Protein chains: 2
Amino acid sequence: MGASVPAAAIVAIGDELLLGDTIDTNSAWLGRRLADLGVPVCRGWTIPDAKADIAAAVVRAAALAEVVLVTGGLGPTPDDRTREALADLTGAALRVDRDLLAGLEDRFRSRGYELLPERNVSQAQVLEGARILPNSLGTAPGQAVEVEGSLVILLPGVPGELVRLVEEQVVPLLSQRFAGRLRPLHHRRIHTTGVPESVLAEMVESALPQDMGPVALAYLPGLGGVELRLTARGVDNAEAARWLDSIEEALEPAVREYRYYSDRRDLADALGSALVAASRTLAVAESCTGGLIAKRLTDLPGASKYFVGGLVAYDDRIKTDVLGVSREDIEAHGVVSEDVAAAMARGVAQTMGADAGLGVTGIAGPGGGSDQKPVGTVCFAAYFDGRCEVRRERFKGDRTGIRERAAQATMALLLRMLEAG
Amino acid sequence: MGASVPAAAIVAIGDELLLGDTIDTNSAWLGRRLADLGVPVCRGWTIPDAKADIAAAVVRAAALAEVVLVTGGLGPTPDDRTREALADLTGAALRVDRDLLAGLEDRFRSRGYELLPERNVSQAQVLEGARILPNSLGTAPGQAVEVEGSLVILLPGVPGELVRLVEEQVVPLLSQRFAGRLRPLHHRRIHTTGVPESVLAEMVESALPQDMGPVALAYLPGLGGVELRLTARGVDNAEAARWLDSIEEALEPAVREYRYYSDRRDLADALGSALVAASRTLAVAESCTGGLIAKRLTDLPGASKYFVGGLVAYDDRIKTDVLGVSREDIEAHGVVSEDVAAAMARGVAQTMGADAGLGVTGIAGPGGGSDQKPVGTVCFAAYFDGRCEVRRERFKGDRTGIRERAAQATMALLLRMLEAG
């Protein structure tokens, strides 16, 4: 296949995938990782726990791609057939590797087992001539064998083990094997929130340069906003950076108002960084989001640097008794109102002694809507530096969608205030 | 193929699946739904947006299975090639269906477009002779055609549209086509929490009857616990119920201590139901889980019936100032201690005027661990009816895993107290 770009194929093994007990997240992760490396995935198979079916799929995959990644079927139970299938296919014997066996025995001893369970011995079996790819998180190693000129790599199906093994073993292996032929993808990601995809697309399309060179643009919408992904392919680092810089610069005026920066693709992360940079602390008061904002902020390690605490004021009594929202405000404007949201944001910052406060109150549904305030109506506020900004939105979606969108919009409101200084 | 059980195959279309931009959740959902219906999925393909590749995969799939579900590639953009691929394959012409076109025009008019965008006309194209399967949530209908004796069904790739279309159109179609040959699966699910899979398996294996008849058992472990799934196949409703009842009864002593009941497979739902049944209310005080318990309780509609509110006491000052945890307790035992957890549970119930309270404090990591209190150490308490129960555990996993396990264990503790009365 000369100096062409190498391609990969995936053979995912397991009755549990076909029966839908497990969602195959491995294939998507591998697809992303290999595309970035420069070995795009061109085909995928999902195959039952049956030796002949596995062998047949590997042969087809090897005919199509120079790398075949086989995931799953390396466990210790009788329905784990991948090793045997490859032995049948290649004619290589399966032998027990002494080092692997010793490692397994150690592992089980440290868990209090005197003897290695008989069925786990199979996990120390390797194909004669295979390259062993150590699994630093689990019991079954990866194995790499040649099948009809292609490199077939057996990987564990447990997602955490697979990811680690690919990063530690497979990426270096492929980088070496295809040195000079890899055309890695170069991505630039622009995260936006608070703007519908169609509106963003219109602004972006009119800002894009005529000549995009080697760069393609994708819109990746989610509950938290739309990610613009610029991808340069077929060029080296320096040229990719030049193109990506110039297109990003052209897009800047169109996206500025909606953009946030986070390597984790997470607005909570962007807000946390802005708070740390400003040396300010935050407290949150949530009604309809019910703890979601606090949960998202504390998903991130190090949140204690800026996050003081949160109050989930689900019952109205908590809003008045703990946060000091006035009963008059609730009676005059309703509990879903700009006034109550603002009082919650201010009240929680004061109660918890934080520099900034967020307040959100709304109707997440499915019940509780009215003509004036239909399901999806949310009022939210950010308090910072003695100022309070308030918004009212009607969010689309089911209960989960409304809550996610409300949490995102509330955090974005404070982020914009911090950016404005 | 006579009276054998019919099988299905899935052909999932889309570069975004191969590049990993989208995780293919459709195939898992279809796998589950079709297995339950009695048409198990025996093979899956993931195929790029290329006509020849789509056609070739459909031919292979039709050779293997009596039903072929093709997902994706029905959108309005040039990389949506499924309709054309099937036209090439079957020789059937693509014609614009007047009714579909009128429906599309209406839809766009109602969104404020005067004219249907040219590229959307393709979504009104149907294969000559195909059965049109109306899509009640989106623009592209499903289509069913015969290919070499198999039924090939084209489905939209948008998950919500696919699910609705399968329930409304495909399930009735297959039920009719395979009348008398379907062998639906009958499931019984036993949800457990608080017991490791290996320990549970040992107890379950020794409790299982020798003769399982038509029933198979699967262990489905997750962060929240292990689900036991009993599946009866090949028998009618009445016989399945008899077998499932008798096996469930045999397992009862082994699982009783760890079991919870929820149609949503959600411990928060089980806890909510128990609180509603007991006419009691709940407030929660969270440190390391950072709002996760409150979020999970309020994920469910109707949580306001029993959930009063929550406090995320991330900063220690909140624990003392708002919850009334004593500084002496914190100094004497550390903030991650049984005493502090108990004081949080009691304090939040009293502060918020709830009948029951939960408190959880721990080290979710990655930082903050010590020799005495390594990452994963969590103390949690449930307060109810003047009594407080406290536990200390060391949970495994990363930050997310530790937080999820801690939230689950904390809710389980109260559920057991409520069950005990």
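**Entry 1: a loop residue**

In which loop of chain B does Asp385(B) lie? I located Asp385(B) in the loop between E16 and strand E17 (387-394) of chain B; helices (H or I, at least four residues) and strands (E, at least two) are DSSP runs numbered from the N terminus. Its phi is near 60°, a positive value in a residue other than glycine. Asp385(B) counts as exposed because it has 12 C-beta neighbours inside 10 Å. The scale I used calls a residue buried if 20 or more other C-beta atoms lie within 10 Å of its own, exposed if 12 or fewer, and partly exposed in between, with C-beta atoms placed from the backbone.

**Entry 2: basis and confidence**

I note that this is a predicted model, in which local features need pLDDT of at least 70 and side-chain atom pairs count only at pLDDT 80 or more, while totals for chains, interfaces and linings use all residues. Residues are numbered from 1 along each chain as its sequence is written, and chains are lettered from A and ligands numbered from 1 in the order in which they are written. For chain A I recorded an average pLDDT (the predictor's confidence in each residue, from 0 to 100) of 94, with 99% of the residues scoring at least 70. The ipTM and the pTM are each 0.88.

I found Ser279(B) in the loop between helix H9 (267-278) and strand E13 (282-286) of chain B. Its phi is near 50°, again positive in a residue other than glycine. Ser279(B) is classed as exposed because it has 9 C-beta neighbours inside 10 Å.

**Entry 3: cis peptide bonds**

I looked up the bond between Gly365(A) and Pro366(A): it is cis, with omega about 5°. Pro366(A) sits in the loop between strand E15 (356-362) and strand E16 (377-384) of chain A. In chain B, Gly365(B) and Pro366(B) are also joined by a cis peptide bond, with omega about 5°.

**Entry 4: the interface**

I recorded 49 residues of chain A in contact with 49 residues of chain B; contact requires C-beta atoms, placed from the backbone, to lie within 7 Å. Of the side of chain A that touches chain B, the largest share, eight residues, comes from H2(A). That side divides into 26 nonpolar, 15 polar and eight charged residues. In this division, Ala, Val, Leu, Ile, Met, Phe, Trp, Tyr, Cys and Pro count as nonpolar, Asp, Glu, Lys and Arg as charged, and the others, Gly among them, as polar.

E14(A) and strand E14 (residues 307-312) of chain B pair in the antiparallel sense over three bridges; pairing requires that DSSP finds at least two bridges between two strands. Within E14(B), Gly310(B) is the bridge partner of Val312(A).

**Entry 5: a kinked helix**

I examined helix H6 (residues 159-177) of chain B and found a kink of about 45° centred on Val166(B). The bend at a residue is the angle between axes fitted to the seven residues ending there and the seven starting there. Val166(B) is one of the buried residues of H6(B), which also include Glu161(B) and Gln169(B). Among the elements covering these buried residues are helix H2 (25-37) and strand E3 (67-71) of chain B.

**Entry 6: Met411(B)**

I placed Met411(B) in helix H14 (residues 399-420) of chain B. Met411(B) is buried because 28 other C-beta atoms lie within 10 Å. Not counting residues up to four places away in sequence, Met411(B) touches Leu267(B), Ala268(B), Leu271(B) and Ile293(B).

Technical notes:
Two residues are in contact if their C-beta atoms, placed from the backbone, lie within 7 Å.
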